[in-house]
Structure formats: C-alpha cells, structure tokens
Amino acid sequence: MINAKTTKYLLIIAGIVLYTCSVAQTITVKQDGTGNFTTIQAAINAAWPGDTVLVWPGTYYENLNIENKNLVLGSLTLTTGDVSYRYQTVIDGHDSESCVYVEYSDLFEINGFTLQHGIGHWTNGGCGGIWFFCSDGNIINCVVKNNQVNNSAGGVGFTISDAFLSNTSIHHNRCKDQGGGIYISHASNIVFDSVNRCSVYMNYASQGTDIFMTGGDSLYAYLDTLTVDFYDRYYVALVDNSESGNPNNKIKLDVRHTYLQPVVSDLYVSPWGNNNNSGTSPDQPLKNIWYASLLAKPDSLNPLTVYIDTGTYALSVNDEWFPIGGRDYLSFKGGGKYKAVLDAENYGPHFRSANGIKNYTLSGMS
C-alpha cells in the first residue's frame, strides 16, 4: 500500500516531470559527437513543442520529416545573427526525397540553412526543397537551390498552409510541371517580408517558372530579385476557376532587381554552345533550349523563334531540361527532322503548354 509519504514523493516527481516537459529546451546537433545528437532527424524526434533544434555547421544528408512538431530548427545564424552560417549548414536531400517535409505543424520555423538536391516527396514526387502541408510557419535566412522534381514545386511548396518568408533566396530549382521556384495551392496564405526581402530567380518549370499560384485570395510578393522585369504567366502564373494563367490584381510584385535582361530577338541553341553567349547569332549560340525560353521576350508585335542546331539535347548530355514550356509567340525550329534530336530519356514529355497559349509552332526536330 502506498503511504502518505510515498504519495507526496510521487507527486513531487510528477511535478518535476511536467515542469521539465513544459519548459522549452535547446537540443544541439553536431557531427563530431559533442552535441546531443549527430543527425537532425534524431533531434527533431526527441524535441517537445516549443523546443529549438540548433545545428552546427556541416552537410547533413537527410530528408527531414516534421510531423506535429511546433519547434524552431536553426543553424548558428539563429543565435549569432551571422547569416553566413546558412552557407555552412546544408541539408542535402541526396537525390532521395524532399529536403524538409512539414506536416500538421501549427508553428514551425526553419532559419539559416541551405537546402539542396531534393527530388520531391515520395507521395507525389513534388517539392524538392521545403514542403509545408497543412502547416503554419516561417522560412527565414535560407537558400533553396539545385532541387529538381518530376511534379510541381521545384523549390518550395505550400498546400493548405500559411507561411512567412524573410531573407530567403530560391534559385536554380526545376520541376516538370508548375512552380519551379515557389508553388502555392489550396488557399495557402504566404506573406513576404517587405524589409528583409527574398529573391526568386532562374528557376524553371513549364508554367510559372518562378512562382505559380492556384486558388487563394491574393499574393503580394516583396522581392529583391526576380528572373525578369515583366510578369507574364510563363514566369509568374495564377490559375483559378476564372483565370487563364496571366497574373492579375490578385498577384502584386514589388521587385528591386532582375537576374536576366530579356532579349527581343530570335535565339540560337547548340549542344556546343554556352549560356554565357549572347545567343542572338549562330556563332554565339546558347547551350540550352530551356535557357533560351527564359531569355526570350516575344509578344504579338515581335514573335520570336528559337533555332535548334544539329545534335542531341538531353539531361545527361547537355543538361537539357524537359518539358519545354509553351509561350505565346515563341516558336521552336530544329535544323532537320533527324538532325535536332530532343531526348527526354523516359522522364516525361518534351513540350507542355498551358491552356490558351497561342501563336507558336514546333518544327524540324525529333
């Protein structure tokens, strides 16, 4: 039988346990073994609501799964204010799944990381860098780059989620469908920091190469850098039940700089070319069809053509990314049916156009 003294001790112990669990703690991750854990996922699994997982510099080859976890995941940027730690603290998806998947979390913050080499979540192959699903949170002081997926959301994706983005760079991500940089769907509400601005540039997709939004009320993106200085649906796309894809008053952009200076000229592409060339003559060809698509600035008064030289264009050959997205007034012409060979290597279609794309042709290629 438990006596009064034992009961008192048990109550004291229970109180200590409850107090300990209720006080937020910092869990450290160090690859040299001097921290609480050597992997980020193990630290996340051990964390309680309100905890901070603090990660020391290093490259962590992990695919993080955060489910029902309200916590802060930070590099030393979080505690020192030194943003350079985001380049030293890398979450590498090692071409396996998404770098970070956040599900059913009311408040999750990631601060001060580079996220790279994600290829999408196993459920649908979408979102290479960070995917918020039915979650709310913050993405601060991060770099999301060099992710590529077979569905939508090459860099960052939001589904039924609210998020705040600050001082984050999303660039050189690619996907085969929509939203090369950012994909926003199902009435997600995304707020961009107007002071510590984000940059979204040189991403690629068949539609909405930098930003794609479906549904939702509105989006006001304060950006330091975007790929170009004009906003047709090829770069920034809105699709809902009433719109065909062109940005309208639901999407407002405040952009300070652009990464590319678009060219109002026919462009030339060759497997031996270089994307640092002008691309405006056969002697100075670009290397990639997808890059020519980003660089061209066609319109109804200046329809343009991308001329594709003899050779094979494939991801494994010259980093050619398919599908090529259809654009109004931009045509693609190869040097001959058996001379210009576009090889998608069994990873999807060669071309994909959104509804309503007009005045373009494909000719002279296999």
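Analyst: Arg352 is partly exposed, its relative accessible area being 31%. In this predicted model, Arg352 forms a salt bridge with Asp177, and the closest N and O atoms are 3.7 Å apart. The two residues come from distant parts of the chain: Arg352 belongs to strand β31 (residues 351-352), while Asp177 lies in the loop between β17 and β18 (182-185), 175 residues apart. Asp177 is also partly exposed, with a relative accessible area of 22%.

A further salt bridge joins Arg174 and Asp319, with 2.9 Å between the closest N and O atoms. Arg174 lies in strand β17 (residues 174-175) and Asp319 in the loop between α6 (315-318) and β28 (324-325), so this pair ties together parts that are 145 residues apart in sequence. Arg174 is buried, at a relative accessible area of 10%, whereas Asp319 is partly exposed, at 31%.

The side chains of Asp254 and Arg197 also meet in a salt bridge, at 3.1 Å from N to O. Here too distant parts of the chain are linked: Asp254 is in strand β24 (residues 251-258), and Arg197 is in the loop between β19 (189-192) and β20 (198-201), 57 residues apart. Asp254 counts as partly exposed because its relative accessibility is 26%, whereas Arg197, with a relative accessible area of 12%, is buried.

Finally, Arg233, Asp328 and Lys358 are linked in a network of salt bridges. The count for the structure comes to five salt bridges.

Definitions and conventions
Residues numbered from 1 in each chain as written. Predicted model: local features only at pLDDT ≥ 70, side-chain atom pairs only at ≥ 80, totals over all residues. Heavy atoms only, no water. Salt bridge = Lys/Arg side-chain N within 4 Å of Asp/Glu carboxyl O. Helix = DSSP H or I, 4+ residues; strand = E, 2+ residues; numbered from the N terminus. Buried < 20%, exposed > 50% of the residue type's maximum accessible area, 1.4 Å probe, protein only.
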